[in-house]
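Hello,

Here is the structure I promised to pass on. Please open it first, then read my notes beside it.

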Amino acid sequence: MTIPIIDIAGNAGERGYAHGRALAEGIDRFYERWMLNASAGPRPIVERDAVGFAMGLLPESRAQAPDLVEEVEGIAAGAGIPFEKVWFLNCFDEAGGYWLYKQLNLGRACTTFAATGRSTSDGTTYVAQSWDINEWYESVLLRIAPGNDEVGALVYSHPGVVAGMGINANGVALVWNSLQSTDQRHGVPVPFLVRLALRQPKLSNAIAACLRPVRAIGFNFIVGADFGAVCIEAAAMKQHVTYIGTHGAHGNHYEAPELLALEGNPAYEGSSFIRAGRMRQLLDEAAGTLDLARCQNLLRDHANEPGSICAHLDPPDYPYLTKAAVVFVPAERAMYLSDGPPCGAPFVEHRVATTVAAA
């Protein structure tokens, strides 16, 4: 099955309506699967509590990113699904904060990296990720047309969710690791921060767009441009930004000393430390020779499987799968995306639209 590509354009409501209408069945299925899984296990969480927790993030989001809330309203209208359900899906990572509050582990297990400068064969910048998540998450590629607040972008996400990872027409690319910080608060959900970053003209503006809003919980972004990249490690109320001039990698645990006390994730029984460390090892070994093919090949690594960079299900011990892998090339405004673990699924090239389509 290939990842569906949805074209969205116009104002916020129009973008959302097109998204919701195209993916109505997938959005409804995504929500029902979320709640089914939330209610399972020895310490179930009921739907009203999970949705109520997510709704607490709405006032701050409406204050700081009102057009993205309007886009979610459009998704709900287009899909014919209550707004509260679609809003919850846009808080799927923040919902981990509620599980954290209940002393349960919930999260995603992704590995990200960037390579640039003398680490690559010709100075090209690459920004990449294995997007590891439960098998029942469905994938979608949103092709956002330039116009209104948008500069044009390609965004990998899930049905009903405004953003996951992506690249814009200015060559700003962003990948995302889920982190869980203990300083959670009512704030803006991470998919909104991704979209705000992908509206920016250059790397410095993208950093500010990620960090300026009131954040609900933590995350790690690697954000790149044609000349280099930054690693943004954030909790709800603190952050640490590192410039990447050669290469760097990240997993699902805090590394900045000033953020270690805020760690709220047991790091998936240690796999996060292995995946991040293994990726750094591979980058060190390939430094100076990295090109597109080598970057794609790094994402196929199976050391420490099933909790490897290229992850495969091994329930109940390892419930995550590499749902997609991506390599962004900012200088080319290009995305190379696999539909499933890249050891078996090919990378398919996509390009960002830089002009408004004719009516």
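**Two crossing helices**

Helix α5 crosses α8 in a right-handed manner. Keep in mind that this is a predicted model. Helix α5 covers residues 66-79 and helix α8 covers residues 190-197. Their axes come within 10 Å and cross at roughly 115 degrees. Which residues meet there? From α5 they are L68, V69, E71 and V72. From α8 they are F192, R195 and L196.

In general, the angle between the axes and the distance between them describe two packed helices.

**The aromatic rings**

Next, look at the rings. There are 14 aromatic pairs. Start with W34 and W136. Their ring centres are 6.5 Å apart and the planes stand at 85 degrees. Angles over 60 degrees count as edge-to-face, so this pair is edge-to-face.

Where do the two residues sit? W34 is in helix α2 (residues 24-38). W136 is in the loop between β3 (123-133) and β4 (140-144). The pair therefore ties together parts that are 102 residues apart in sequence. Both W34 and W136 are buried.

Now take F92 and W176. This aromatic pair is tilted, with 5.9 Å from centre to centre and 50 degrees between the planes. F92 lies in the loop between α6 (83-90) and α7 (95-101). W176 lies in strand β7 (residues 173-178).

Are F92 and W176 buried or exposed? F92 has a relative accessible area of 4%, so it is buried. W176 is at 0%, so it counts as buried too.

Ring pairs also build a cluster. Its members are F30, Y31, W34, F88, F92, W131, W136, Y137, Y156 and W176.

**The nonpolar cores**

How many residues are in the largest nonpolar core? It has 88. Those with the most contacts inside this core are W87, F88, F219 and F221.

Select W87 and look around it. Leaving out residues up to four places away in sequence, W87 touches A54, M55, L57, L58, S61, V69, V72, P189 and F192. A second core is separate and has 20 residues. Among them are A249, C295, A334 and Y336.

W87 belongs to helix α6, where F83, V86, F88, L89 and N90 are also buried. That makes six of the eight residues of α6 buried, so the helix is largely enclosed by the rest of the structure.

**The open sheet**

Which strands form the open sheet? There are six, in the order β11-β2-β3-β12-β13-β14. Their pairing is antiparallel. The edge strands are β11 (247-250) and β14 (347-351), and each pairs on one side only. From one strand to the next, the twist averages 15 degrees.

Strand β13 (residues 334-339) pairs with β14 over five bridges, in the antiparallel sense.

Apart from neighbours within four places in sequence, Q296 is in contact with V327, Y336 and F347. Q296 lies in helix α11 (residues 292-298). Its relative accessible area is 11%, so Q296 is buried.

**Backbone details**

The peptide bond from E305 to P306 is cis, with omega near 10 degrees. P306 sits in the loop between α11 and β12 (321-329).

N304 lies in the loop between α11 and β12. N304 is not a glycine, yet its phi is positive, at about 70 degrees. With a relative accessible area of 43%, N304 is partly exposed.

R333 lies in the loop between β12 and β13. Its phi is near 55 degrees, a positive value in a residue other than glycine. R333 is partly exposed, with a relative accessible area of 26%.

Best wishes

Methods: Residues numbered from 1 in each chain as written. Predicted model: local features only at pLDDT ≥ 70, side-chain atom pairs only at ≥ 80, totals over all residues. Heavy atoms only, no water. Phe/Tyr/Trp six-rings, centres within 6.5 Å; stacked < 30°, edge-to-face > 60°. Helix = DSSP H or I, 4+ residues; strand = E, 2+ residues; numbered from the N terminus. Buried < 20%, exposed > 50% of the residue type's maximum accessible area, 1.4 Å probe, protein only. Core = buried A, V, L, I, M, F, W, Y, C linked by side-chain atoms within 4.5 Å. Contact = heavy atoms within 4.5 Å. Pairing = 2+ DSSP bridges. Axes fitted to C-alpha atoms, helices over the stretch in contact; angles between N-to-C directions. Left-handed = near helix turned anticlockwise from the far one by under 90°.
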